[in-house]
Amino acid sequence: MMGPAHSLSGAAAWLGVGAAAAAAGHTMPWPVLVVGALICAGAALAPDLDHKSATISRAFGPVSKALCEIVDKLSYAVYKATKSAGDPRRTGGHRTLTHTWLWAVLIGGGCSVAAITGGRWAVLVILFVHLVLAVEGLLWRAARVSSDVLVWLLGATSAWILAGVLDKPGHGADWLFDAPGQEYLWLGLPIVLGALVHDIGDALTVSGCPILWPIPIGRKRWYPIGPPKAMRFRAGSWVEMKVLMPAFMVLGGVGGAAALNYI
Ligand SMILES: [Zn+2]
């Protein structure tokens, strides 16, 4: 899928988690619901850091460009080193290492550890990166015509404001994990979820997605998971724009209402 559909599916997924959490008795305070949905929308773009022309590679100017080249090379090296007899030859790293459950868990876990050990600045950096991505993904038309600097300013100011909101008592810094010192441990959850939702979205497209790596399936360690061929669509096709994106909006709306106990 393309950036906007990935971001929308990420936001909808977190709102769905909010509904499930409410049903399980861990109702999210509204800032957790809103900030989590935005983080998840941003995190749902992150796996494409292995692809030069993806939204995320352009989001932070030369910094993300350089990071993208490193991640592409690293992914390709890991692919070559771990491919088994049934895996095809490849020429680049796109849709390999960063499109796996293991990567999702490592990135999300890393952010959780950073958030509980790094203090306020770590939380602000995590929020900033994901809010900029969320703007790029959800408001892509507006982000395209405005300058990068304006998008970064918007990300920075909203990160500052939202961190302030979350810090207020009862506003959810300690949602789900409420022992002393566990504030913001939950920040990794929307990040794991966003990456997984991205992988599932890619699995629905023609080329599939090796989500289960390094668990081998048959003779392949990089087995491209996906539904039967007839149910797959091309990235950016009308199915994505006219069916999936409106569906994500409706599901997200229903999930959000259930999460806040309105329905
Ligand atoms: Zn992808």
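Author: Let's start at Asp167, which is partly exposed, with a relative accessible area of 42%. On that scale, buried is under 20%, exposed is over 50%, and partly exposed is in between (1.4 Å probe, protein chains only). Keep in mind that this is a predicted model, where local features need pLDDT of at least 70, side-chain atom pairs count only at pLDDT 80 or more, and totals for chains, interfaces and linings use all residues. Residues are numbered from 1 along each chain as its sequence is written, and side-chain values use heavy atoms, leaving out hydrogens and water.

The partner of Asp167 is Arg120: their side chains meet in a salt bridge, 2.9 Å from N to O (a Lys or Arg side-chain nitrogen within 4 Å of an Asp or Glu carboxyl oxygen). Asp167 sits in helix H8 and Arg120 in helix H6, so the pair ties together parts that are 47 residues apart in sequence. Helices here are DSSP runs of H or I with at least four residues, numbered from the N terminus. Arg120 is also partly exposed, at 36%.

How many salt bridges does a search of the whole structure find? Two. The other one joins the side chains of Arg95 and Asp202, 3.2 Å from N to O. Arg95 is in the loop between helix H4 (61–82) and H5, while Asp202 is in helix H9, so this pair links parts that are 107 residues apart in sequence. Here both ends are buried: Arg95 has a relative accessible area of 14%, and Asp202 has 2%.

The last two, His198 and Asp202, are four residues apart in helix H9 (residues 188–203), so about one helical turn separates them. His198 is buried too, like Asp202.

The largest nonpolar core has 32 residues, and Trp14, Leu127, Trp186 and Leu187 have the most contacts inside it (a core is a set of buried Ala, Val, Leu, Ile, Met, Phe, Trp, Tyr and Cys residues joined through side-chain atoms within 4.5 Å). H6 (119–138) and H8 (148–167) each supply at least two of its residues, as do H1 (3–23), H2 (30–43) and H5 (101–117). H2 gives the most, with eight residues. A separate core of 13 residues includes Leu45, Leu49, Ala54 and Leu133.

Trp186, from the largest core, touches residues including Trp14, Val35, Leu166 and Phe177, not counting residues up to four places away in sequence (contact means heavy atoms within 4.5 Å).
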